[in-house]
Amino acid sequence: LLGIFYALPWLNWGGRQMVLFDLPARKFYVFGFTFWPQDFILLTGLLIIAALSLFFFTALAGRLWCGYACPQTVWTEVFFVLERWAEGDARKRKKLAAAPWSAEKVRRKATKQFLFITFALWTGLTFVGFFSPMRELVPTAFSFQLGGWETFWILFYGLATYGNAGYLREQVCKYMCPYARFQGAMFDRDTLIIAYDNNRGEPRGARSRKVAREDTDKGDCIDCKLCVQVCPTGIDIRDGLQYECIACGACIDACDSIMDKMEYPRGLVRYTSQNAVDQEETHVVRPRMFWYAGLLTVLVVIWGITVFNRPELIMDVLRDRNTLYRVASPTTIENSYTLRISNRTEADQTFLVSVEGVDGAAVVGAGSVDVGPGEVGSLPTTIEVPSSAMRGPTDIVITLTAESDPELTISRESRFFGPLGTGR
């Protein structure tokens, strides 16, 4: 996940940055696709798919997102690594914190802060690289020629990374993240969770390693409390599932290490379901999983079809509502329209207007408009029809065709009004 975040801004696709949200140009480049502001509905669909995916995987396997994919968790792990590298493991860090200030303590603390700040600023720079071309941003940053907004967002995002992942850490998960509060509503007794096996572990209590497992009247839990010490949110998993648990699995690793030393089987704390802990049958395939999976599949298919079939040209025909028609001459009648044209290609286009549906219908004037890539153009259009061809309101078809690419065309129906008659 870190590789995706830090590498994507450096990768190119089709001669441009693979993922670039060019806000000034109102273009969003994603893996060879170009999205425009008019495609905002696709983002809405993607967010719905993401939310439903979260529900699906939570019902299936608990808080996988929190434990393994949430940016807060991923970046916090990086700060843990940097902290261990600078100050040592937990025992050494406690000893260092309690020790009086010395040259060694200053060196280690300064090294940690240097690593924290450098990593946070690089994260902020990478974040801005998704909005400003990365290969231009980095040289500009190191030559101290950044613009005001770029500087602000690098510092802001760097500070957010430093504060959230460097210091607040799992406090964000406990007190700030709303997901921790409602994720329990998606659990059932078949959901995969981290659980302590009460049947095997109780009654807990200390004992010598020399005492054989079968010769003691206690359970397998030796009450070492190592699972509590390593828990980033400070809970005791032996008290049952709690909303603070982010499913990171640290307690599992700690407990397994103790079980290895005691020569007991692993799995006293493990990934399992509540039914399995209670020695009941677990149902991985259950109705809610079918509903989630089915709905998710339908949404993904619809979203994919929509993305791959987005029109490159959009046209809206707006009638002049002030005047239904004009008698231009004894032999002709005119109607006025405004064509709103959205060019969603990557090139400048000259569009030609034609009309069908009434014999002798023609476009008055040049009947063409230039529209830049990604721009929306407006073309006032007057259509003329011979009076002899009119006997009341008539349906017409207005067609827009790119001069350089005849296959880039679009047609829209509208109404042409004339003197009242029997209709046509």
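Visitor: Is C248 buried, partly exposed or exposed?
Guide: C248 is partly exposed, at a relative accessible area of 30%; with a 1.4 Å probe and protein chains only, buried is under 20%, exposed over 50%, and partly exposed in between. Keep in mind that this is a predicted model, where local features need pLDDT of at least 70, side-chain atom pairs count only at pLDDT 80 or more, and totals for chains, interfaces and linings use all residues. Residues are numbered from 1 along each chain as its sequence is written, and side-chain values use heavy atoms, leaving out hydrogens and water.

Visitor: Switching topic: which residues of helix α7 are buried?
Guide: In α7 (residues 134–142), they are M134, L137, V138 and A141; helices here are DSSP runs of H or I with at least four residues, strands are E runs of at least two, and both are numbered from the N terminus.

Visitor: Why do they line one face?
Guide: Seen down the axis of α7, they fall within an arc of 95°, so they share one face of the helix; the arc is taken from the directions from the helix axis to the C-beta atoms.

Visitor: What comes just after α7?
Guide: F144, which takes a positive phi of about 55°.
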